[in-house]
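I opened this notebook page to record what I looked up in the structure. The entries follow the order in which I checked each point.

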Amino acid sequence: MGLLSTKVTCNSHGQDSSYFLGWQEYEKNPYDRVMNPEGIIQMGLAENQLSFDLLESWLDKNPDAAGFKSAGKSIFRELALFQDYHGLPAFKNALVDFMAEIRGNAVTFDPDHIVLTAGSTSANETLVFCLGEQGDAFLIPTPYYPAFDRDLKWRTGVEIVPIQCSSSNNFQITESALREACEEAKKRNLRVKGVLVTNPSNPLGTTLSRDELNLLIDFINEKNIHLISDEIYSGTVFSSPSFISVMEILEERNYHKDSHPDVWDRVHVVYSLSKDLGLPGFRVGAIYSENNTVVAAATKMSSFGLVSSQTQYLLSALLGDKKFTKKYISKNQKRLKRRQNMLVSGLQKAGINCLNSNAGLFCWVDMRHLLQSNTFDAEMELWKQIVYEVRLNISPGSSFHCTEPGWFRVCFANLSQDTLNLAIKRLKSFVAESSPSGAHHSRESSKTRSLTNWVFRLSSRVREQEER
């Protein structure tokens, strides 16, 4: 082991989480309507597969874009040789226009201040590399995306300090929670370099309110720190309240770039086409910042994870078709709303409620009444029953660092309507077999008994979380 780096041999990659274990178990026994109807249904994957027909229809009508042609002539050679890490100007222009369109054109983005990256994972890590280092910390509201423990910490050496939010106010950010997180960082001898939020939230499926955004701006101004707003779900907002970008708040406060450059220099936006367009495999992410030094450094760092010129060319044509993007945004949001309503109403019939949400590809589901006790150990036991007996891969709240046992993230946009109906039917049967007190009589299977050792280590970890 001495021949390997500590980065390789340490366990700070965050992969030993029930969030990732659920995926592994699904891959061993994936549901298929014909080949494996008793398999595990994947409801732990936040992918948007509801509007592929719109994209495929556009491709059929625009064969030159997919065939790397311009005016009927092949441009394959020039695309294959293009390797400027600044990106294709046509794509950057189309991307910033699309970002503005999603935000109702309430704000505009300068293509000279956007950095292309291989997905939002790369964008977030690159920003953290630019803003912090070992001994620094970023504050993140709970519950938060489990892979942030890998994306933000593993290679950069920074730490995450949670801003503890609770169901008592629908997990909204409060001033007291921000200040408590700062105190916790101080106790751990960490320098707070910034706050990172996801807006809309993963896993809550909610948008930050105007009050919360103003609170965050006031807080970073007081502390002279950065704010990263991960807005990769901004195009998935399907009902009121509407999405408000942090950039819109800066404009509302009359923080003009020339008169308040210090504020604009410390606010950064992350975006991606993985969720809004349902193209995670295309690996298209972006950093937007008015900080020239950050943009210059991030652009150099982007050489470690570029977006291919072929991808940029295709998407510049697609995003440049304003008639198509307008139609796509509208139809996709309507489809998301219908699918979310389907899941929420189905769960309600099973006696399960969800946090009121207006965005995202998932619901934050309240199963506290199904726990045998109000502990994270009980949450893990319930999760194992749902994975191995109900055969649904959903993600437990503890993997999102939720402070309250019994919450789960359930995705609804990555599976067909028939498969979602089957998943709801399975869960309804499971609840019906529960005892009057809400504790399910476990039919412990040999598969449940033979869980890998680290699952039980995970139970110990969440037990420690309770004790802290």
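Over which residues does pLDDT (the predictor's confidence in each residue, from 0 to 100) stay under 50? I found that this holds for residues 437-468, for which the model has 55 contacts beyond four places in sequence; contact means heavy atoms within 4.5 Å. Where pLDDT is low, the predicted coordinates should not be read in detail.

I noted the basis of the entries: this is a predicted model, in which local features need pLDDT of at least 70 and side-chain atom pairs count only at pLDDT 80 or more, while totals for chains, interfaces and linings use all residues. Residues are numbered from 1 along each chain as its sequence is written, and side-chain values use heavy atoms, with hydrogens and water left out.

I then looked up the chain as a whole. The protein chain has an average pLDDT of 89, and 91% of the residues score at least 70. Of the 468 residues, 55% are buried, meaning under 20% relative accessible area with a 1.4 Å probe, protein chains only.

My last entry concerns Val-269. I counted Val-269 as buried because its relative accessibility is 0%. Beyond four places in sequence, Val-269 is in contact with residues including Ser-229, Val-246 and Tyr-288. Glu-290 lies 21 residues from Val-269 in sequence, and their C-alpha atoms are 9.8 Å apart.

Notes:
Buried < 20%, exposed > 50% of the residue type's maximum accessible area, 1.4 Å probe, protein only.
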